[in-house]
Amino acid sequence: MGLCGSNDINVKDGLNENITFDLNGNKLDNTFLSKNSICKSSQIKTYNNNKIFEIEIEASIGEIEYPIFIEKDSKIEINILEDKNYLWGFLPKEKRVDFKGYSKHKYKNLNLGCLLIRISTSHDYIPIDNKKFIFTSKHEGSLIIAANLDINNYCFYEPKGSIKLIVKGGSIYDTKIIDELTDYNYKSFDYKKNDEKTYSEINLIIARYINKARINIKKYIDDFILDSELPEDEDDVPIKTKKLSALELDSKLYKVAESHCNYLSINGTSGHIGAEGSTLQNRIEKQKIKSEEYAECIIYGYNNPISIINFLIINRYSKDKKERKILLNDKFKKIGISLMEHLVFGYCCVIVFSD
């Protein structure tokens, strides 16, 4: 893999056709952007016939997969834009640094050591450590950008702030096409576009990773989970490799998830008991859902879709791997998802499954 660095930064000269996409590869208008984007990192601006991409990276814990498909042996160029509005630093020293002084703030001798990229089909992480960075991909897949992953001791400190990148190379696609190109084949979601809460960007993204895991769990683990992240007791509770059907988002299950997520978030509490002592069964019955089997998973502290699903699969703190069994239960056909900011844990995600 060839790498080189330079300080040339005039990458936006002459760019045209500014089109904005979300993480699902859908074109966005300004109304949609203001209402449904989960974070700044979820917006991709494209130029020059969708061959040059502008991405704003918010410091976060975890990986973000972009709908930019990289072919094997293709040359990718990444430029970090100088902008006084974008500062990048680390929490331990409560210090952010601008790009005029960024070279003075190094970790493990890397200028931007907490910012990494990789191709989805490989765990070869590349630290972005210069304003202009060029590499040749040895693999084929989608572009993933990661912050604060403890990979080979690159990223120990928690990043803070945001920066803006220009990416040259690759092609932007609808994520359904990317999933097909990378061996995740499933039917597209059957949803009503006017149901913005049930089918908001974040819910579609979380549902996508749930279905990627269900349809091809072995490949999902290879693509998104490091061997070191799986518990040592894996032999005691083996991961079933059976390919399951994709789950459909359901508006009634969304309301079940939303009501409990809202209760937990505004009260800063946890657990499956909700408002006025309600149980999951009570919440299911309130929405008049006819279901013989249902389950609820709650994840705290993450707003990153990949991290949320990885938490369910790894299930490190559960001896019987209950959450993993729920995720990979072939009886379930539908899901409802709600993600909110939590008073104590930062974020809370409630996922409700039913047959």
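A salt bridge is taken here as a side-chain nitrogen of Lys or Arg within 4 Å of a carboxyl oxygen of Asp or Glu. The structure is a predicted model, in which local features need pLDDT of at least 70 and side-chain atom pairs count only at pLDDT 80 or more, while totals for chains, interfaces and linings use all residues. Residues are numbered from 1 along each chain as its sequence is written, and side-chain values use heavy atoms, with hydrogens and water left out.

A search of the whole structure gave 13 salt bridges. Among them is the contact between Glu-293 and Lys-331, at 3.7 Å from N to O. Glu-293 is situated in the loop between helix H6 (280–286) and strand S16 (294–300), and Lys-331 in the loop between helix H8 (322–327) and strand S17 (334–342), so this pair ties together parts 38 residues apart in sequence; helices (H or I, at least four residues) and strands (E, at least two) are DSSP runs, numbered from the N terminus. Glu-293 is partly exposed, its relative accessible area being 27%, where buried means under 20%, exposed over 50%, and partly exposed in between (1.4 Å probe, protein chains only).

A further salt bridge joins the side chains of Lys-168 and Glu-77 at 4.0 Å, N to O. Because Lys-168 belongs to strand S13 (residues 159–168) and Glu-77 to strand S6 (residues 75–80), the pair connects parts 91 residues apart in sequence. Lys-168 is partly exposed, at 26% relative accessible area, whereas Glu-77 is buried, at 13%.

Arg-208 and Asp-179 form a salt bridge at 2.8 Å, N to O, and both residues are buried.
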